[in-house]
Amino acid sequence: MNFRRGGAGLTLLTTLRDNQLVLVTAAGEIDVASVGEFRTVLSDACVVGEKLVVDLSRVGYLSCAGLRVLEEASRTRPKLSVVATGPLVLRAFAVSELGVPVRRGLQEACAAAGA
């Protein structure tokens, strides 16, 4: 399964791996203009597979609304793992104290979601 959505400065790609792990890759900015699309894609991803990885390594900005969407997804998919490398995105996680594990690489995130 590959599904791509784009608009409002954000591109999202959803991929299913081994019928268990759903990978959502985001590129751009997750802000007031794009958070609705982000929420829709993550909600859809939560009903497929058992594990969810959200790759934000290509995201330059993550708003509080985007963090709330990740928190909602983590309630549905406790094995949620997030990849983040950008300084603004990492800062958003640091100040939010969101209980979602943030990994520095995709391989590490996929392994953590499988644990």
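You're looking at a predicted model, where local features need pLDDT of at least 70 and side-chain atom pairs count only at pLDDT 80 or more, while totals for chains, interfaces and linings use all residues. Residues are numbered from 1 along each chain as its sequence is written, and side-chain values use heavy atoms, with hydrogens and water left out.

Now colour β4, residues 51-62, the strand that holds Asp55. Strands here are DSSP runs (E, at least two residues), and helices are too (H or I, at least four). Beyond its neighbours within four places in sequence, Asp55 is in contact (heavy atoms within 4.5 Å) with Leu23, Val24, Thr25, Ala26, Val83 and Leu106.

Next, pick helix α4, residues 106-114, and show its buried residues Ala109, Cys110 and Ala113. Why do they sit on the same side of α4? They cover an arc of only 100 degrees around the axis, taking directions from the axis to the C-beta atoms. Turn to the face pointing away and you'll find Gln107 and Ala111, both exposed (over 50%). Among the elements covering the buried residues are β2, β3 and β4.

Last stop: select Leu42. Setting aside neighbours within four places in sequence, Leu42 is in contact with Val24, Leu52, Val54, Val69, Leu70 and Ala73.

Technical notes
Buried < 20%, exposed > 50% of the residue type's maximum accessible area, 1.4 Å probe, protein only.
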